Amino acid sequence: MKTRTKVVVIGGGIAGCSTLYHLTQEGWTDVVLVERNELTSGTTWHSAAQVTNFGATQTMVGLKSHSIALYKELAEDPEYPINYHHADGGIRLANTEEQMEGYRHFISVAKGMGVDFELIDAEECARRHPLVSTDNLLGGLWDPLDGDIDPAQLCQALARRARLAGAEVYRNTPVTGLTQHKDDTWTVHTEHGDIDCDIVVNACGYRVNEVGAMMGVHHPVASMEHQYFLTEPIKAIEESDFRMPLLRCPISDYYCRQEKNGLLVGFYEQDCKTWGMDGIDPNFVNALCPDDLDRVMDVLEGAFERMPALTEVGIHSIVNGPITYTIDGAPLVGPIPGKRNAFCIIGLRAGLGEGGGHGWLLAQQIVHGEACYDTWVIDPRRFTGHANVELTALKAIEDYQNEFRFHFPHEHRPAGRPAKTTPITPVLAAEGAEFGVVNGWERMEFIKPTPDFHQSYSFKFNETFDVVAEEIKAVQTSVGLTEVNGFNRFEITGPGAREWLDTIVCSRVPKKVGKVGLTYLLNHHGNVKGEATLANLSEDKIWYGSAAASEYHDMDWLQKHLPEDGSVQVKSLTNDYTILVIAGPKSRDVLSAVSRGDWSKEAFPWLSVREAFIGIAPAVVMSVSFSGELAYEIHVPNNQLYAAYLALRKAGEEFGMKLFGGMAVDSMRLEKGYRHWKADLITEYNPLESDLSRFVKLDKPAFIGKDALLKMKEEGPRRNFVSMVIDCTHAPAQGGDSIVDADGKCIGTITSGGWGYRTGKNIAMGFVDPDFAPIGTDLFVEVIGEPIAAKVVEPDLYDPEYARIRA
């Protein structure tokens, strides 16, 4: 066994084998995989192994398309062919118009990745799958490339190719410990000796936290028992001249596919069960849980109604084994938060179908620092300190119970809530606040007009339309108040802090004490890494603020690039402060009523910061605006947040102050052309393509990504970021919707959209091919699958002179 290698991958299921193989494809062949038993002896061996192209985001569609292409190539390898039923086709059923609208949206999402789905009616569902009843059925989404694969053969084929390229695989080699050294390299301790390496990868399936504990981390991954059974032969299948398509049914929570001349039928029952919460038997290898069909009887009855043939056939065998889930159902693929040279590829509940793509994207991140797609949807750092065992289990149960039910816009499911709150969360709730969730934080979405107000989830504008309109009217004409909790906030100190930050961002760092500036961070490829507000509080203290979701992501990046001499320190204040925002033409009057000092526009102009008191509460006040109105961010320590809130509310009574929520903020920022991180700002494009040229200072001596950016500038844009106005009033565009030309050809993708209440326009943002970027260009945006006429417009539709912000 080697004693030194570049990468050690721990775990020999689909995650580990795919990662090992793809590392060799990226040019790293001095790599090793260690497995405690035999390959595929964990969850992989009993997987139903369905390979779908369906995904809720373009990144997920892209990685699944890679899996399908890879598996097809492996299956056709004459030297080592494997069993892959490619392109049997698959149907996702629907019995409500809202589900069908969702499928239209996802068809548009897939189009942008070169994937063609089809919406079919109930009769066509039955024609393509003769065993399906059309009772209580509207139709479904057809995936022509759906199929299934032999899980053990797939992993062996990947391991074989990795070995041929120079990688090594050590079976029956349990890892007993992990040691990280001062230079951030690792030693992997095994029962057969130690292996020194630069990088370690946790690909340990349901034993993920056994290895996680060895490096002092806990991963938000929990296992669920999952049952399926195999039927005896079915006559209709035996007599059919084609393989039955795969079926996924959100109506009755089951799936099925053909297995020989019978069916494999799996269940996502409501009375589901977690597994391994108190530890896993070391001898649980190639093992299953006890059968428990009584638990799935309600689901089975629904399957009988949808497929009556199941009532006339016997059960051949039953499988009940653990599968892994995360808090949001998507896997964790990427850097392990807080650790250097440590990665994971875990929580792959649909591991066989997606594993080829996950290993592909992880290998790119390990070798190149970034993948070809923005991978935030699977980034382990999207969960922060709230992601404990109990929360993970509750969300895993909820996700299991809704396996085939996609999330609607603004839908925030109830399990595991509230995870993060502030002292005024119950106060806002008493005032009628409806909350969403941002990185675990309960954040106000809107104020319910009556206690029994309820919004229906839809891809169209819903009951909240008029509610949000009233909130924005108050902000535009007088003053509004909202809470922005969880906002990422780092305190950067040290004599070289400002000079160091100048090398981290591509923008100018504010030099004058009391000034605020918006800056952008690039990765080494020259693409957009992050967005940060920098506030100079003193000569040696700068506040760094960014999106709530970026807490772990940004801290990892900053710490990775800190000066080795210790001259700069970064401390997180994210969980210590909360922002109260007052916005509107009367906001200065409210601020002046609760805080001593001169708050005039001459004494405290736009983009200023100062320390002050709000009533008796100390605060840091910034004159910045995400709404396009005169506004102030008031950063208050959490232990005095309620006092500051009461003071502002009392002062606001004179001016008719109203509460407003995140839905109003999102509408107003669209009218100003302001971006959301990981919606409009992604690692696939550079700041020039992202229409951020005014923030890029190429005359600076050096900053991360500068050389790569200069090269891309010479080559010209791949796509350009634009704002659009859509000619419809019934629904907004959603992130991922396709932008098409007059011939229906996809020429771009929507990143965000919504109604602009002050401008009376349906606004969307997105990236388009350069030929379609000029202002005034006509194009079409697919809204719920229907191409709607749209026009490229100036990004700043509301008060482009910034007169209201500067007032």
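**Helix 16 and its sheet**

I began with helix 16, residues 641-652, in what is a predicted model, and I found that helix 16 lies across strand 23 (480-484), strand 29 (577-583), strand 30, strand 31, strand 32 and strand 33. Its direction runs at about 10° to strand 29.

I then looked up the sheet itself, which is open, has six strands in the order 30-31-32-29-23-33, and shows mixed pairing. Strand 30 (609-614) and strand 33 (658-659) are the edge strands, each pairing on one side only.

Which residue of strand 32 does Met622 stand opposite? I noted Glu633 in that position.

**Helix 2 and its two partners**

Next I turned to helix 2, residues 58-75, which packs with helix 9, residues 351-368, at an angle of about 105°, the axes being 7 Å apart. Helix 2 and helix 9 are therefore roughly perpendicular to each other, since angles of 65 to 115 degrees count as such.

On the helix 2 side of this contact I listed, among others, Thr59, Met60, Leu63, His66 and Tyr71, and these belong to a group that meets residues of helix 9 including Leu352, Glu354, His358, Trp360 and Leu361. The residues of the contact divide into seven nonpolar, nine polar and two charged.

I also checked helix 5, residues 151-164, whose axis comes within 11 Å of that of helix 2 and crosses it at roughly 85°. This pair, helix 2 and helix 5, is therefore also roughly perpendicular. From helix 2 the contact takes Leu70, Tyr71, Glu73 and Leu74, and from helix 5 it takes Leu154, Ala157, Leu158 and Arg161. How do the residues of the contact of helix 2 with helix 5 divide? I recorded six nonpolar, no polar and two charged.

**The barrel**

I went on to a closed barrel of six strands, which runs 34-37-36-35-38-39 with antiparallel pairing. From one strand to the next, the twist averages 45°.

Helix 3, residues 97-111, packs on this sheet, where it touches strand 35 (738-740), strand 36 (746-756) and strand 38 (778-783), and its direction makes about 70° with that of strand 35.

Phe721 has Phe767 in strand 37 as its bridge partner.

**Records and domain bounds**

I looked up the UniProt features, which come from an unreviewed entry, and found "domain: Aminomethyltransferase C-terminal" placed at residues 719-799. That span is 0% helix and 53% strand, and its end C-alpha atoms lie 27 Å apart.

The UniProt record also lists "domain: FAD dependent oxidoreductase", again from an unreviewed entry, at residues 6-364; here the span is 28% helix and 28% strand, with end C-alpha atoms 15 Å apart.

A further feature of the unreviewed entry, "domain: FAD dependent oxidoreductase central", is listed by UniProt at residues 368-421. I noted 26% helix and 0% strand for residues 368-421, whose end C-alpha atoms lie 38 Å apart.

Lastly I consulted the domain assignment, which gives domain 1 (4-378), domain 2 (488-574 + 685-715) and domain 3 (577-656). How far apart do the C-alpha centres of domain 1 and domain 3 lie? I wrote down 50 Å for these two centres.

Methods:
Residues numbered from 1 in each chain as written. Predicted model: local features only at pLDDT ≥ 70, side-chain atom pairs only at ≥ 80, totals over all residues. Heavy atoms only, no water. Pairing = 2+ DSSP bridges. Helix = DSSP H or I, 4+ residues; strand = E, 2+ residues; numbered from the N terminus. Contact = heavy atoms within 4.5 Å. Axes fitted to C-alpha atoms, helices over the stretch in contact; angles between N-to-C directions. Parallel < 35°, antiparallel > 145°, perpendicular 65-115°, else oblique. Nonpolar A, V, L, I, M, F, W, Y, C, P; charged D, E, K, R; others polar. UniProt positions renumbered as here; feature names shortened; annotations may be inferred. Domains from an automatic or database assignment.
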